[in-house]
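The following note sets out comments on the model shown below. Each numbered point concerns one aspect of the fold.

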Amino acid sequence: MTLRTRLVLVLSGLLALGMALSVGATFGALQDWRQDQNDEVLAAVAGQLREDLVARGSDGRLALPHEADQLTGVWRASAEQGDLPSFFQIRSRDGQVRQTSDFGVRPDLPRTLPSGLWPQRGTADDPAGGSLHSVPGDGDGDWLLHSSQLPDGMLLVGMRTTVADELMHRTGVVAATSAVAALLAVTLLSWRAVRGGLRPLESIAATAAAIGDGDLTRRIPADGPRTEVGRLGLALNAMLGQIESAFDERRRAEERLRRFVADASHELRTPVATIRGYAELFRRGASNRPDDLAQAMARIESEARRMGSLVEELLLLARLDQGLPLALAPVDLGMLAAEAVDDARVLAPSRPLLLETASADGPVLVRGDADRLRQVLANLLSNVRQHTPDGTEAWVRVGVRDGQAVIEVADSGPGLDEEQAQHVFERFFRVDPSRTRAQAPGDSPEEGSGLGLAIVAAVAQAHGGGAEVDATPGKGAVFRVRLPLGHPGQA
C-alpha cells in the first residue's frame, strides 16, 4: 500500500469516527429531548385530569368534550398526529378496565393491565407515582403510556409517537446522507491534496532513478525551504552536487592516471630502446672495436642515468600526490636561492643570472622541506637553460608579497603563448611539439623529461602554496612560486 493511500485512509477513518461520534451524540441528545418533552406533556395532562377526578370523588368519570366544540376538533386533529394525548383510561386497583375514552385510536392493551405498566408507589414528592412506559403500536407508530395512581385505582394517559418517530427518522436520514456526502467529499479533496503534497517525492524518486541510470546532472526541482519536502530536496541536491563533483574528480584522476602511465611508458621506451640497441651492438662485435665499445658504454650509461632520473621524478610526484608528509623545518629562501644561482652559474658560466633578495623585514622564512624547495629552484633554472638561447638574461627574486613568500624566476627569452601557459605545469608537457628529441652523448638526463615544472607545482601545493606563470610571446616568461610565510620561532 502506498503512502498516499495510507494517508487518505487514515484521514477518512478519523473523519468517519469523528462524524459517527458527533451524529451519535446529536441523536442521543435529540432522543433525550424527545423523551423529556413527551413525558412533560403526558405528565401535565395526566396531572390535570387526576385533579379533576379526585375532586369529583367516587362519581368522577371520564368525559370527552362535545363533538360540536371547536376546541375538540383541534384536539382530535392534534391527537391523531401524535402531538397530544388521545387515549385516557381508568382502571381498578387490580388492573381491570373501568372506563376508556379516546379519539378513535387506542393502544392494544390486555384486559388486565400488566404489572410492568403499573404506576410507581407514591412518594411525598410524587403522591401519584407517575411513570412513563413505551407500548408497541399497530404499525402506525408506538405509544407512550403515562400511568398514575387514583384513590381507588389508576389512571392511564397515552399518546402516539408518530411525530417524534418521523422526526427521528428524518433526522437520521439527513445525518447519514450528510455524513456520507461529507466523507466522500473530504476523501476526494484529501486524495488530491495528499497527491499534490507528495508529488515532490515522486520527482525525487524519478531523479534517483535517472541518477541510478548514470545521469549525474539530474537535480530535484526546488520547492523552497518552507516545507519538509522542500528542505529534503535542497539537502539531496547538495548531496548530489557533491557526488557529481566526486565522480568528476574520480574521472579526471583516472584520466590523469591513464595519461600519466601512457606518458611514462612513452618516456621510458626511448632510453630502454637505446640501451637495447647498444647492447645488441656490443653483442655483434663492438667489444672488439675500442671506439665503438666506448661509445656504446657511454650511451648506455647516459640512458640509464636518464631513466633513473625519470623514475625518481615519477616516484616524487607519486609521493606528493599521496599527500605524504614533508620534512618541515624553518627554511631561509634567500639562502636557497643564492645556492641555486651559484650552481646555475657553474653549469652555464656565459649566461647572465642575477639574484634579488630585497626584504625590509630580514630573511624570508618559510616552514618547508629544504631539499624539495631546493629542487624547485633547480628545476626553474634548468627550465631557463633549456628553453632560452645562450646569453639570455635571467633573474631570481625572493621577497614577500601579500603576506606570502614569493620566489620568481624571470627571463627575457622567447616566452610562451596563452595556450602553452595554460599547460606548462602539466606532466610531460613540452613547449616543443615533439614528444621526444634527439640527445647528444653528453646531454643531462634532466633534459626532455617534461616533469620539471610539474614537480615545481606539486611541491608548492604540498607546502600549501601554488605556482603560476606570466608569459608574453617574445618578451620572456616569469615563473612564480607562492608559499605561506613561517616564523623564526617555529620548530
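**Notes on the predicted model**

1. The largest nonpolar core has 44 residues, and those with the most contacts inside it are L333, L373, L380, F479 and V481. A nonpolar core here is a set of buried Ala, Val, Leu, Ile, Met, Phe, Trp, Tyr and Cys residues joined through side-chain atoms within 4.5 Å. Two or more residues of this core come from each of α4 (228–283), α5, α6 (333–347), α7 (370–387), β9 (394–401), β10 (404–411), α9 and β12 (477–484). Another core, of 14 residues, lies apart from it and includes L49, L62, F88 and L144.

2. Basis of the values. This is a predicted model, in which local features need pLDDT of at least 70 and side-chain atom pairs count only at pLDDT 80 or more, while totals for chains, interfaces and linings use all residues. Residues are numbered from 1 along each chain as its sequence is written, and side-chain values use heavy atoms, with hydrogens and water left out.

3. Overall content. The protein has 9 helices and 12 strands, taken as DSSP runs numbered from the N terminus (helices: H or I, at least four residues; strands: E, at least two). Of its 491 residues, 35% are buried (buried means under 20% relative accessible area, exposed over 50%, partly exposed in between; 1.4 Å probe, protein chains only).

4. Surroundings of L333. Beyond its neighbours within four places in sequence, L333 is in contact with V364, V366, L373, V398, A405, I407 and L483, where contact means heavy atoms within 4.5 Å.

5. Packing of α5 on α9. The axes of α5 (residues 290–321) and α9 (residues 452–462) come within 10 Å and cross at roughly 30 degrees; axes are lines fitted to C-alpha atoms, for helices over the stretch in contact, and angles run from 0 to 180 degrees between N-to-C directions. The two helices, α5 and α9, are therefore roughly parallel (angles under 35 degrees). On the α5 side E313, L316, L317 and L320 meet A454, I455, A458, V459 and A462 of α9. The residues of this contact comprise 8 nonpolar, no polar and 1 charged (Ala, Val, Leu, Ile, Met, Phe, Trp, Tyr, Cys and Pro count as nonpolar; Asp, Glu, Lys and Arg as charged; the others, Gly among them, as polar).

6. Two individual residues. H146, in strand β4 (residues 143–150), is buried at a relative accessible area of 7%. G116, in the loop between β2 (97–102) and β3 (131–135), is exposed at 56% relative accessibility.

Technical notes:
Parallel < 35°, antiparallel > 145°, perpendicular 65-115°, else oblique.
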